[in-house]
Amino acid sequence: MREELITSGRMNPGIDPVLHGWHWPIPFYLFVGGLAAGLLFFAAYKVLFGKEKDFPTAVMIGPFVALAAIVMGLMALIYDLHHPLYAWQLFTTIRIESPMSWGAWTLMIVSIVNAVWIFTYLKKIFPDFNLKQNFLRKVISNFIEEKQSEGKLNWDWKYKFLRDFESFLIKNRKALAWLMMILSIILGVYTGILLSAFNARPLWNTALLGPLFLTSGFSTGAAMLMILSKTHLEKIAFSKIDVLLIIIELFFITHMFMGYLAGSEVKAEAAHYFMGGEFTVTFWVNVIILGLVVPLALETMELLNVKIPVIIPGLLILWGGMMFRFIMVDAGQVIRYLY
Amino acid sequence: MRYGMAIDTRKCVGCSDCVVACQTENSIPHGYTRDWISETVEGMYPNLALEIRSERCNHCDDTPCVRTCPTGSSHIIEGGIVKVTHEECIGCGACIESCPYDARYFHPEGYVDKCTFCDHRVKNGQDPACVSVCPTHCMYFGDLDDPNSEISKVVAKNKVKVLAPEAGTKPQIFYLV
Amino acid sequence: MKTTRRDFIKISSLGIGGLALSTSPILGWVPSFLKEDDNTPDDSTAKRYPNYCEVCFWNCAGWVYTNKDKDGNEKIWKIIGNDDDPNSNGRFCPRGTGGIGMYYDKDRLRKPLKRVTGEDGNQTFVEIEWDEAIDIVAKKMKEIKTKYGPESFALFKHGTSGKHFATLFKAYGSKNMAGPAYSQCKAPREEGFRMTFGHPLHSPEPLDIRNTRCLVLIGSHLGENMHNGQVQEMSEAIENGASIITVDPRFSTAASKSKFWLPIKPSTDIALLLAWMHVIIKEKRYDIDYVEKNTSGFEQLKNHVKNFTPEWAYGITTIKPDIIRKTAREMAAASPAVIIHPGRHATWYGDDTQRSRAIAILNALLGSWGRRGGFFNPEKAKLPKYPMPAFPKPKWSWRDIAPDKYPLAKMGVTNLLIDGSHPDKKEGHKIKAWFVVGTNLPVTIPNSKRTIEAIHNQEFIVVVDTMPSEMAGYADIVLPEATYLERYDDLRLAQHREPTIALRMPAAKPYAETRPGWKMCKDIAGKLGLSEYFNYNDYSEVLDWQLKKIGSSLDEMKEIGVMKLDRKYNDLYFHEHMEHEFETPTGKIEFYSNGMLAAGFAPMPVYTKHPEPPKGFYRLIYGRAPMHTFSRTTNNPYLMELMKENALWVNPKTAKDWGLKTGQRVWLQNHQGAVSTFSIAVRVTERIRQDSVYMVHGFGRLNKKLTKGYGAGISDTEMVTDVKIDKETGSTGMRSNFVTFLTEEPEKKEKTV
Ligand SMILES: Nc1nc2c(c(=O)[nH]1)N[C@H]1C(S)=C(S)[C@@H](COP(=O)(O)OP(=O)(O)OC[C@H]3O[C@@H](n4cnc5c(=O)[nH]c(N)nc54)[C@H](O)[C@@H]3O)O[C@H]1N2
Ligand SMILES: Nc1nc2c(c(=O)[nH]1)N[C@H]1C(S)=C(S)[C@@H](COP(=O)(O)OP(=O)(O)OC[C@H]3O[C@@H](n4cnc5c(=O)[nH]c(N)nc54)[C@H](O)[C@@H]3O)O[C@H]1N2
Ligand code: SF4
Ligand code: SF4
Ligand code: SF4
Ligand code: SF4
Ligand code: SF4
Ligand SMILES: [Mo]
């Protein structure tokens, strides 16, 4: 028998008996980050490959959802800080080695580009719109000319520099798309490697976690677009993408576990948490079955023209992607080096 | 200069004096600790082996905690002592997650705290509080770069190990076994 | 010290793609009011006051530091050892370091309390003023004196402030005083050694552990038993390569540092000791010269142990014959630098004086008494007595409660006083009232049911304590004492290699309305017309008077804390070729004791068989945790952090039989039906024999006022109802109790204080 115990001291809350320094905001933040990365990638991709017309949801609606996701993610991140009032200190330094620093800056830059992207599409998305007499309207009307007829608004900017900026961007949309695509990949990779940068936790200490989270993030993005799309063309396109991404994900997951099992004692132990141990049921049911296998089956059927409301596989993929991050963050904190 | 510690597990009795001494010296609030005692029992009755260790931040050479800190609050000072500037710390927990030894904790005031190697004593030529109280004299503190220091000699003369070397942090606390 | 990142000298190797980036911030600006990196106070702003520790009776001398806290108030900050003190060598044990928790405990007694009965018949305590409290106590003392004579008032005491109360009682006319440090602790050892060497050991024990070549620990669990000097010297011995032999049914910390661990069947140590003697004598490995010169009765002993072969002992102790032989040879090889540790808490099985005699004799065979690496000859400082009148002579004392019992007892026997207080005491001298100072009798004396019956039979009980102890719960009047950190007491005159004097002085004002013991005694004495015995306004005057008589002063002692004196004689160890006179009837070390025989006991140690656990029961053994002292620390905010409750050590095989898991809570029932009030967490561990379970003493507190200690774990005392009295000394053997597990909570009986 081997008995290992902390006999005294170290009752630090959040550390003992198991580490839970990061709570729900972190996996949530990783999830929305991945989602946003996927959405922005597809938006930029479709523009770059001239599919703007056929994919209005991806190009115009997706980025809205992405921006909302990023804002929620940042809020969650700040909420998880133990010193939230000091959050500004994140932006007094750039520390390339720190994924947190990198993430904070990436998110900030991505959200700016994302907002700019939305800015260039405002006219297309809301050609004319009505807004009640409220605060938002007051703010907006500082910048745009109000149409006298029917009190409707449209995006005729009051100021010349805004008009110039807008036309400049639209003229250089391809460049903007390139920028956003690169940034979305950085964001995706970031959410992927945030955990694997913390190699103090045996479960996170694997090179596969990055690509896996990246794939999973893009897959949630595709799923979201699948749900939001209005046209069959768009739905089917993202459905196909998702089938491909799910297969890649399953491949990565298998390899990740094989890696654990072949690795050191702790790594093997880590794998056992998912194969008989504490996290087995949650992981297999939520991530593998509900989040990957079932949607894969459903979408394959869909592609074979069996009628399935697309919302079901879509939501399942989102659910699976979110659970995956929650489980990985939780389990990663439970599994520690032995000595 | 490279500060380090050596702890002789053959003499340590796990009394935890090092833990209380740290708490009083550094006014650690109740319910928190910078150091702790762990125990490993191996074998079957009556052939048993017991190892008792006093543990704390290893003031690693390769510091994931400093690397992952987004604000620069976690940093390294003279002698390789790893410290946290309280008022620069946003409490993001990155350093906590990146320490394989769980040596850091959230102070109730929001910042992250950990062993400082008692740099406030060391700069006055005193030993860290834990070392200075240890009734069995099983702890050694000093400059590992100086081959004539007591700690260098102790480390050179004895069989030593570090904790979780596979975590790759190059710990600077050596256990005599 | 303000440390900046710019000092940093080693750039940690970089993880991501080997990018070498400066870690300095581009905008490192922080508002200056936030810049307070290191507000750790250091010694430069601290004040220090000498003291000696009262968390246990090793009484280490040290310094109490105060420093300004965040709000600028001077606060007790830390306690560290005094380098000149031989008891601590400048290093306290965790309990001494955590002693500041005694001061900061929020549950401390604040004001005198009086028991009142409300209209509903329920009793409660009300806070009263000191004047009233002292009045009541003095009135009752007068009343008892007139009704029954002063002898009927008994004093139970433990700790330094007990001395003031002893003076009060002697002046009052009672010598009925006793403390648990004798009959629940050292009595059998002290008397066993006295019968052998003519001399008890006292405290700190004069063991030359740091110079020993072989240390034999029989039950003594140094490292958990944190008697500071001994633990320090054991560590030195390990460093010097001495071999340690540990005899313990449990793989104690000391056992883990030992060359040999002998996991003995509990209660059979005498058989092992006799077998060791057998081997050592048979193989002529004893110190022949020494034995010839200094001992008497060797031939009888040789004859006595003739048949006690290792094979014989194996059947009793479960220790293999070859291990018995090997360990005997190991000790003999180290002789005379060998110590068979005499133990301290020796009240185990009721034949404890016999076991202590066996230990003493084995030491004598190996010539370790008076030898380097064995037992040294300690010396103690002497101070003139502060002048006071002679004490009146009491008509009877504790011995007269049972005149034909416990002839070897030389100090008050607590349980005899309890016998004298119990309703079943129908004739002879009876105890009618108790004064209890610094001892928690319901937790300390086994068979607490009987103690509580005796309590209910008293007309009046005063308890002097710092905490709402279980004992305090039974008081009519509770007098809250200031802790050792807040008061003057007698100078410590500890015996050691060299004599020393140590000062205790306050480092803070007494908390709330607490007062030092000497002040209570003086005030009570005033009301009793005994003021001449307390002829001072402040106890510091007494200390200054005494110190001036030896050419020092209180002021000097405040600076140094500990004064080292020179030894009078150069006799730390025996001088070779010199005759030694031992204070025994024969003047020699007595292997064979006519004194024992005359008192009606075996003249040489004998092994007696003790009951074994019935099926499904396990022997309850207990001991110390390094960070706690009995019940005096089991509410201490610092020390409770280190260990919040005790655990029940259970061998994996036993655990399997019962389906017990680590962390699972169980209740206990002993072989006489006593059931524990609270539950305890199981610790499944190979570190204990299958026939025993183990827990640390002092937990499972019953007084609800103890916010940390109440209900934390189980009190071993609750499980000790079967007490085996040592006939020689009257001390209470406490390890003959067998417990079984209750996995479901038994029906609740209200048993809290
Ligand atoms: N930390 C700490 N240290 C203390 C104290 C404290 O409260 N806390 N108290 C001090 C005081 S006053 C005293 S008296 C001493 C007591 O300390 P010791 O004299 O060392 O006490 P023991 O009762 O001999 O030791 C208990 C050990 O005896 C073992 N044991 C139980 N039954 C048997 C048996 O039948 N045979 C043998 N060989 N071993 C057995 C137990 O497993 C346990 O390891 O400690 C002192 N030191
Ligand atoms: N079951 C069991 N019983 C035992 C033992 C055991 O191991 N198991 N050990 C035995 C041994 S070896 C011993 S020495 C005895 C010890 O017996 P005790 O000395 O009675 O032990 P404590 O439980 O520490 O109780 C001390 C009391 O003194 C109070 N106190 C502390 N400081 C002060 C002070 O400065 N002034 C006053 N007035 N009070 C103070 C504490 O609050 C506490 O209530 O117990 C013996 N009884
Ligand atoms: S003070 Fe020394 S002996 Fe005690 S636990 Fe700490 S290192 Fe070990
Ligand atoms: S032990 Fe942990 S906190 Fe300390 S330097 Fe190493 S990684 Fe950092
Ligand atoms: S919690 Fe504080 S010290 Fe730790 S990484 Fe975050 S900012 Fe740095
Ligand atoms: S070196 Fe100082 S801060 Fe670190 S554990 Fe020891 S006492 Fe605590
Ligand atoms: S051994 Fe520890 S508790 Fe006992 S007097 Fe010394 S420092 Fe105090
Ligand atoms: Mo004792």
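User: What makes a set of residues a nonpolar core?

Analyst: A nonpolar core is a set of buried Ala, Val, Leu, Ile, Met, Phe, Trp, Tyr and Cys residues joined through side-chain atoms within 4.5 Å. Buried means under 20% relative accessible area, exposed over 50% and partly exposed in between, with a 1.4 Å probe and protein chains only. The largest such core here has 106 residues. Those with the most contacts inside this core include Trp22(A), Leu203(A) and Phe274(A). This is a predicted model, in which local features need pLDDT of at least 70 and side-chain atom pairs count only at pLDDT 80 or more, while totals for chains, interfaces and linings use all residues. Side-chain values use heavy atoms, with hydrogens and water left out, and residues are numbered from 1 along each chain as its sequence is written.

User: Which residues does Leu203(A) touch, not counting residues up to four places away in sequence?

Analyst: Contact means heavy atoms within 4.5 Å. Leu203(A) touches Tyr260(A), Ala270(A), Phe274(A), Met328(A), Ala331(A), Gly332(A) and Ile335(A) on that count.

User: Why does His120(B) count as buried?

Analyst: His120(B) has 2% relative accessibility, so His120(B) counts as buried.

User: What joins the side chains of His120(B) and Glu25(B)?

Analyst: A polar contact is a pair of N or O atoms within 3.5 Å; within protein, one must be able to donate a hydrogen and the other to accept it, and residues adjacent in sequence count only if both atoms are side-chain atoms. The side chains of His120(B) and Glu25(B) are joined by a polar contact of 2.8 Å. Beyond neighbours within four places in sequence, His120(B) is also in contact with residues including Asn26(B), Thr40(C) and Asp42(C).

How values were computed:
Chains are lettered from A and ligands numbered from 1 in the order in which they are written.
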